[in-house]
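Please open the structure in a viewer and keep the sequence beside it. The tour below says what to select at each stop.

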Amino acid sequence: NVANAFRLFTNDAYFFTDKGIPHFLVELNAHPKLNILRSRLKKVALQVEGVKDCEINLMATDEDRALNGYAELTLINGEKITVSITGL
């Protein structure tokens with residue numbers, strides 16, 4: 001569910017248009033602000049049921065202008081899960 005939340009653009013969910021990340025305003029820019037993206041991804045991850053904490057690690061590549069990384073999730077039961085973030 002967290003991976004889906006990372007990919008959801010604002011106004012894409014038919015019944016929940018307020019959900020999602022405004023990727024067009026932030027990340028699809030020539031030089032996205034990584035701290036803003038980290039903050040938005042963390043906020044979205046924490047809204048997913050069962051997620052207690054989230055740490056976002058991103059790496060930008062100049063060759064293909066892609067952002068890659070991973071999110072380290074801590075669930076409410078204490079379990080830790082890593083979610084890949086590729087091609088943002």
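The model is a predicted one.

**Stop 1: helix H3**

Select residues 34-46, which form helix H3. Now colour Leu 37, Leu 41, Val 44 and Ala 45, which are buried in H3. These residues lie on the same side of H3, because they cover an arc of only 100° around the axis. An α-helix has 3.6 residues a turn, so residues three or four places apart point the same way. Turn to the face of H3 directed away from the buried side: the exposed residues Asn 35 and Lys 43 are there.

**Stop 2: the salt bridge**

A search of the whole structure finds 1 salt bridge. How accessible are the two partners? Asp 53 has 38% relative accessibility and so counts as partly exposed; Lys 42, at 31%, also counts as partly exposed.

**Stop 3**

Select strand S2 (residues 66-75) and strand S3 (residues 80-85), which run antiparallel and are joined by 6 bridges.

**Stop 4: Thr 74**

Within S2, pick Thr 74. Is Thr 74 buried or exposed? With 17% relative accessibility, Thr 74 counts as buried. Beyond its neighbours within four places in sequence, Thr 74 has contacts that include Val 51, Asp 53 and Lys 80.

**Stop 5: the nonpolar core**

Which residues of the largest nonpolar core touch the most other members? Out of 18 residues, they are Val 2, Phe 6, Leu 41, Ile 56, Ala 71, Leu 73 and Ile 85. Helix H1 (2-7), H3, S1, S2 and S3 are the elements that give two or more residues to this core. End on Ala 71: leaving aside neighbours within four places in sequence, its contacts include Phe 6, Ile 56, Val 83 and Ile 85. In soluble globular proteins, nonpolar side chains tend to be buried together.

Key:
Residues numbered from 1 in each chain as written. Predicted model: local features only at pLDDT ≥ 70, side-chain atom pairs only at ≥ 80, totals over all residues. Heavy atoms only, no water. Salt bridge = Lys/Arg side-chain N within 4 Å of Asp/Glu carboxyl O. Helix = DSSP H or I, 4+ residues; strand = E, 2+ residues; numbered from the N terminus. Buried < 20%, exposed > 50% of the residue type's maximum accessible area, 1.4 Å probe, protein only. Pairing = 2+ DSSP bridges. Arc of directions from axis to C-beta. Contact = heavy atoms within 4.5 Å. Core = buried A, V, L, I, M, F, W, Y, C linked by side-chain atoms within 4.5 Å.
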